[in-house]
Number of protein chains: 2
Amino acid sequence: MLRTLEWTGSTLKLLDQTRLPNAVVDVELSTAIEVHDAIRRLVVRGAPAIGVSAAYGMLLGIRDARSLDELRVTLTETADLLGSARPTAVNLAWAIQRISLVAQTELRSAAATVRSVLERVEVECADMLRHDAEVCEAIGGHALPLLLAAGVRRGRDGRDNPIGILTHCNAGLLATCGIGTATAPIYLAHRRGIRLTVWADETRPLLQGARLTATELHQGGIDVRLICDDMAASVMSRGLVDAVIVGTDRVAANGDVANKIGTLGVAILARHFQIPFLVAAPTSSIDLACPSGRDIPIEQRAADEVTRFRSVPIAMDGIAVDNPAFDVTPYDLVTAIVTEHGVWTPPAE
Amino acid sequence: MLRTLEWTGSTLKLLDQTRLPNAVVDVELSTAIEVHDAIRRLVVRGAPAIGVSAAYGMLLGIRDARSLDELRVTLTETADLLGSARPTAVNLAWAIQRISLVAQTELRSAAATVRSVLERVEVECADMLRHDAEVCEAIGGHALPLLLAAGVRRGRDGRDNPIGILTHCNAGLLATCGIGTATAPIYLAHRRGIRLTVWADETRPLLQGARLTATELHQGGIDVRLICDDMAASVMSRGLVDAVIVGTDRVAANGDVANKIGTLGVAILARHFQIPFLVAAPTSSIDLACPSGRDIPIEQRAADEVTRFRSVPIAMDGIAVDNPAFDVTPYDLVTAIVTEHGVWTPPAE
């Protein structure tokens with residue numbers, strides 16, 4: 001199985017996701033500047049993995065301080081540096097703030113030393129990493145029975161007959177410090193000897209399904225089949241999909257789900273073929289301040305993501321393009337939202 | 001507007017579709033071998049355009065005969081040569097047979113000369129070309145009122161408010177000798193000053209929508225927006241699509257429609273959003289010998305169409321792939337099938 005992120009005790013080891021799927025290569029980082037650069041270049045991506053990387057980046061940024069005064073200065077400098085790596089990543093800002101707070105709390109204690117602050121920060125980083133991995137495991141634990149139930153209802157027991165799962169984009173281990181969110185029940189099932197076949201949508205325009213999801217599942221020993229996005233209906237119509245599970249960027253208070261463009265279409269197909277549509281969502285992605293999907297702004301991205309593929313043009317110059325990064329799946333198409341605390345069927349309190 | 005194919009009086013001019021979308025270049029062919037090569041290399045594609053090209057290829061293959069005996073020999077040789085260009089293309093075999101029959105009928109007449117046979121064949125070629133263009137116009141004439149009605153029902157009149165049309169793959173002028181089949185009402189509307197916005201699915205894996213449909217509509221002065229296949233649901237959910245129109249490879253007797261992979265998904269989305277789903281089908285594509293979609297075999301194509309994007313690898317080596325070339329849309333998702341003779345709402349006689 002691939003590993004997104006590892007703290008070696010003195011360096012941060014990241015799987016270089018810019019090299020996927022062609023090469024599986026780690027980079028080892030020993031300064032905050034290197035972490036900033038890795039986050040900016042998308043060596044690491046996915047909210048949880050970015051957050052934990054930034055936390056360790058904070059540690060790397062302050063660990064050479066020779067006095068408490070120098071530590072105070074480098075703490076602020078490192079926070080500013082890392083925060084600028086991907087300004088819109090909420091998790092990044094949150095992780096930096098959390099580490100700053102922990103450090104400052106320790107700095108205010110009378111017995112504070114450089115060593116005590118560094119120790120406190122390192123413990124916090126490890127807690128964040130472990131917590132993220134635990135959230136993944138818990139989501140997997142709650143989601144797996146739903147996948148099994150969906151399979152059994154169609155006469156597939158996961159022994160002689162593999163259960164068919166379809167996913168879109170990458171809400172996988174490559175986005176987290178654990179076994180992913182949407183992929184969590186898949187890895188759990190595999191660990192328990194339950195046979196699955198996973199259909200991975202390639203997910204245009206940026207092909208996260210082809211580049212990331214298919215790669216990590218294949219490396220994890222799971223039977224994965226890559227398809228183009230427009231093949232999902234065909235696969236479903238042939239009875240090969242028992243359940244759909246996807247991740248989410250944001251869940252509104254009413255249960256509407258914002259996720260990678262294409263998710264809405266998959267949800268509608270699932271409804272048509274009476275296939276359960278599950279959303280794996282750590283509670284941190286549930287935004288109770290956002291009443292419904294209508295209140296979620298949808299970013300339009302650059303046209304050349306659509307008209308070019310890795311710099312090769314696939315459309316004539318001057319062709320107009322629509323390139324929304326996300327879509328919103330209304331709650332009534334969502335069978336269940338699975339968090340680390342359990343299963344929620346929207347709409348609800 | 002682009003022109004797929006033109007007979008100059010002595011040569012066959014084809015738009016080189018292998019050069020699209022990067023360059024708009026004609027090739028001029030003066031021998032049957034060149035026509036064979038052009039069909040094989042997909043310089044020309046689409047059943048009607050292939051058929052007419054092959055017919056002119058027959059003419060080019062026999063025109064240098066110096067005696068009736070030599071003409072008989074070259075007729076057979078040319079038929080064999082052209083028939084091998086794309087052995088599974090039904091229209092190709094049919095066109096070659098038709099020209100052979102016309103030539104042989106003339107050869108059996110007592111007054112036959114090389115000149116009289118060539119004249120008879122050239123007239124037949126021109127008839128085939130004209131007939132194909134007329135079929136396109138007739139389909140457009142029957143389909144346009146349906147598009148207008150769908151627009152008006154949503155408050156779009158095609159004057160101040162453009163009518164939104166979505167199409168998948170290319171059933172356009174580039175596949176025919178006229179204004180295409182699915183695109184026919186679009187060109188007709190444009191000719192009459194009716195404003196449309198056409199959403200073109202890129203159509204993975206081979207990107208006919210991006211490479212062909214977006215190109216030909218843009219060149220024809222039509223407001224076209226290219227989207228990835230997984231964006232269709234988003235565009236529909238925003239109320240931007242009033243009707244869907246696609247072509248077809250084969251319509252079964254009960255009205256089930258086989259077409260490019262992805263068509264079924266678009267039909268399901270259209271149903272979900274209560275958008276009419278129209279199929280443009282020359283009667284030659286209706287196969288009454290085929291009772292239903294279940295009887296249509298679905299070709300699986302090479303994995304590297306999915307794992308590579310114009311030769312750039314997008315998935316890790318060894319990833320399994322599903323790559324069906326077509327899917328079948330059941331008749332109950334089809335609002336209407338539009339032929340050159342009128343509108344058919346399946347199931348029917």
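Two strands are taken to pair if DSSP finds at least two bridges between them. The report below applies that definition to a predicted model.

## Sheets

In chain A, four strands make up an open sheet of mixed pairing, in the order E11-E8-E9-E15. Its edges are strand E11 (286–287) and strand E15 (326–329) of chain A; each has a single partner strand, so one side of each is left without a neighbour in the sheet. Strand E9 (residues 257–260) of chain A is joined to E15(A) by four bridges in the antiparallel sense. Within E15(A), the residue opposite A:Ala258 is A:Val328. Helix H9 (residues 263–272) of chain A lies across E9 and E15 of chain A and runs at about 35° to E15(A).

A second open sheet, also described as mixed in its pairing, has eight strands in the order E17(A)-E16(A)-E10(A)-E7(A)-E4(A)-E5(A)-E6(A)-E14(B). Strand E17 (342–344) of chain A and strand E14 (320–321) of chain B stand at the edges, and each has a single partner strand, so one side of each is left without a neighbour in the sheet. Strand E4 (residues 163–167) and strand E7 (residues 243–246) of chain A run parallel and are joined by two bridges. A:Ala243 in E7(A) is the bridge partner of A:Ile165. Helix H5 (residues 114–153) of chain A lies across E4, E7, strand E10 (277–280), strand E16 (336–339) and E17 of chain A, at about 145° to E16(A).

## Relation of the two chains

Chain B is superposed on chain A by a rotation of 180° with 0.0 Å of shift along the axis, at an RMSD of 0.1 Å. The two copies are thus related as by a two-fold rotation axis. Of the interface residues of chain B, 100% are also interface residues in chain A, so the copies meet through the same surface.

## Aromatic rings

A pair of aromatic rings is described by the distance of the centres and the angle of the planes. Over all chains, the count comes to three aromatic pairs. One of them is formed by A:Trp7 and A:Tyr56, which are stacked with 4.6 Å centre to centre and 20° between the planes. This pair links distant parts of the chain, 49 residues apart: A:Trp7 belongs to strand E1 (residues 5–7) of chain A and A:Tyr56 to helix H2 (residues 47–62) of chain A. Both A:Trp7 and A:Tyr56 are buried.

The rings of A:Phe309 and B:Phe309 have their centres 3.8 Å apart and their planes at 25°; the angle is under 30 degrees, so the pair is stacked. A:Phe309 is in strand E12 (residues 308–309) of chain A and B:Phe309 in strand E12 (residues 308–309) of chain B, so the pair joins two chains. Both A:Phe309 and B:Phe309 are buried.

Charged groups also sit over rings. The charged end of A:Arg225 is over the ring of A:Trp199, 5.7 Å from its centre. In chain B, the charged end of B:Arg225 sits over the ring of B:Trp199, 5.7 Å from the ring centre.

Helix H6 (residues 184–191) of chain B is mostly covered, with six of its eight residues buried. The buried residues are B:Ala184, B:Pro185, B:Ile186, B:Tyr187, B:Leu188 and B:Ala189. Their cover includes helix H5 (114–153), strand E4 (163–167), strand E5 (196–201), helix H7 (208–219) and strand E7 (243–246) of chain B.

B:Glu28 lies in strand E3 (residues 26–29) of chain B. Leaving aside neighbours within four places in sequence, B:Glu28 is in contact with B:Thr8, B:Thr11, B:Leu12, B:Lys13 and B:Glu34. The C-alpha atoms of B:Glu28 and B:Thr8 are separated by 9.1 Å, and the two residues are 20 residues apart along the chain.

## Backbone features

Most residues other than glycine have a negative phi, and most peptide bonds are trans. The table lists backbone angles of another kind.

| Site | Backbone angle |
|---|---|
| B:Leu20 and B:Pro21 | cis peptide bond, omega about 5° |
| B:Arg204 and B:Pro205 | cis peptide bond, omega about 5° |
| A:Leu42 | positive phi, about 65° |
| B:Cys169 | positive phi, about 60° |

B:Pro21 is found in the loop between strand E2 (12–15) and E3 of chain B, and B:Pro205 in the loop between E5 and H7 of chain B. A:Leu42 is in the loop between helix H1 (32–40) and H2 of chain A; its relative accessible area is 39%, and the residue is partly exposed. B:Cys169, in the loop between E4 and H6 of chain B, has a relative accessible area of 8%, which is under 20%, so this residue is buried.

Notes. Residues numbered from 1 in each chain as written. Chains lettered and ligands numbered in written order. Predicted model: local features only at pLDDT ≥ 70, side-chain atom pairs only at ≥ 80, totals over all residues. Heavy atoms only, no water. Phe/Tyr/Trp six-rings, centres within 6.5 Å; stacked < 30°, edge-to-face > 60°. Buried < 20%, exposed > 50% of the residue type's maximum accessible area, 1.4 Å probe, protein only. Lys NZ or Arg CZ within 6 Å of the ring centre and 35° of its normal. Contact = heavy atoms within 4.5 Å. Axes fitted to C-alpha atoms, helices over the stretch in contact; angles between N-to-C directions. Least-squares fit on C-alpha atoms with pLDDT ≥ 70 in both.
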